[in-house]
Number of protein chains: 2
Amino acid sequence: MATPDKKRDTGCPIAFALDTFGDRWSLMIIRDIALRGSRTYGEFRDTPEKIATNVLADRLRELEADGIIQKTRDPENQRKNIYALTEKGCDLIPVVLEMVRWSAKYDRNTKVGDKFLNKIKRDRDGFEMEIRSRLKDR
Amino acid sequence: MATPDKKRDTGCPIAFALDTFGDRWSLMIIRDIALRGSRTYGEFRDTPEKIATNVLADRLRELEADGIIQKTRDPENQRKNIYALTEKGCDLIPVVLEMVRWSAKYDRNTKVGDKFLNKIKRDRDGFEMEIRSRLKDR
DNA sequence: TCGCAAACTTGCTTTTTGCAAGTCTTCATT
DNA sequence: AATGAAGACTTGCAAAAAGCAAGTTTGCGA
């Protein structure tokens, strides 16, 4: 076998999900793309959470290898790489939104706009579609 | 301040969620309670994923400190401790269910019953309630 | 062609995980 | 009352991952 990796592979969907993005940083990158419109290495690096550059490089590699994001050169500026969510990555939006909902309920310090929160509560699927199409129009 | 911990605390709900349960094992324990009916240390330890006992002890401590699970002595057997989800913990069920849905779609090896999966797809909130009441009846 | 932007690498220290073995308390049996 | 074993953890150490600071590479723009 070519991949002797440390994935649990027990048939459990939660184990699979955690093996794919269950760490301190992967979902943060997905958040940046899905909710903040980030697309470049520098944008991922310069967030308030301060990911280390080597870890960022590693996670981008992993997420791309797992088919969650896709990397392309920016035609306008060949120095830049543009990272985007694949379909598989977009399908994580519901997970992200449920996490937002939970944190908004339990973290006094969390800053989420009421408008944003109400959209999640009222019509999750509709809001998901809204985010998806926003991502396509770039 | 009493807690000089390493939480990011940037106001971002995703960062908050990941700081609380964004590691390789926390959600696994929540899965065990919510979906598998586990309630004791031994049950959490003896899953196919093989969590190390020291890490298990540590995660149970953290999850309790964060108010996600609650520990009580088993009145029938004073040797046993019974762990249960708090309200805050039950509110993570939607996150877990979305992860199941995602993995079922993308992991060929994931084993999730069709009945289970259809319930998630058809009526997420109803299914959440079903799980909640099942947890109460114990 | 010079300087600078953007995307990484490299080397090293610190923290977390994983593993194997041991401890402590309570129950059940003799 | 003594013995053994179940259940819930601790402890000590090695391996892996994360974090930090500095360096490298390639392309753009003047």
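How many nonpolar, polar and charged residues does the lining of the largest cavity have? The legends below begin with that cavity. The model is predicted, so-called local features need pLDDT of at least 70, side-chain atom pairs count only at pLDDT 80 or more, and totals for chains, interfaces and linings use all residues. Residues are numbered from 1 along each chain as its sequence is written, chains are lettered from A in the order in which they are written, and side-chain values use heavy atoms, without hydrogens and water.

**View 1. Lining of the largest cavity.** Nine are nonpolar, two polar and two charged.

**View 2. Helix 6 of chain A against helix 1 of chain B.** The helix axes, lines fitted to C-alpha atoms over the stretch in contact, come within 8 Å and cross at roughly 85 degrees. The two helices are therefore roughly perpendicular (65 to 115 degrees). Contacts (heavy atoms within 4.5 Å) link residues including M99(A) and W102(A) with residues including F16(B) and L18(B).

**View 3. The aromatic pair F21(A) and W102(B).** Ring centres lie 5.4 Å apart (a pair needs them within 6.5 Å) and the planes stand at 80 degrees, so the pair is edge-to-face (over 60 degrees). F21(A) lies in helix 1 of chain A and W102(B) in helix 6 of chain B, so the pair joins two chains.

Key: 1 Å grid on protein atoms, 1.4 Å probe; cavity = no way out; pocket = protein on both sides within 12 Å on 5 of 7 lines; lining within 4 Å. Nonpolar A, V, L, I, M, F, W, Y, C, P; charged D, E, K, R; others polar. Axes fitted to C-alpha atoms, helices over the stretch in contact; angles between N-to-C directions. Helix = DSSP H or I, 4+ residues; strand = E, 2+ residues; numbered from the N terminus. Parallel < 35°, antiparallel > 145°, perpendicular 65-115°, else oblique. Phe/Tyr/Trp six-rings, centres within 6.5 Å; stacked < 30°, edge-to-face > 60°.
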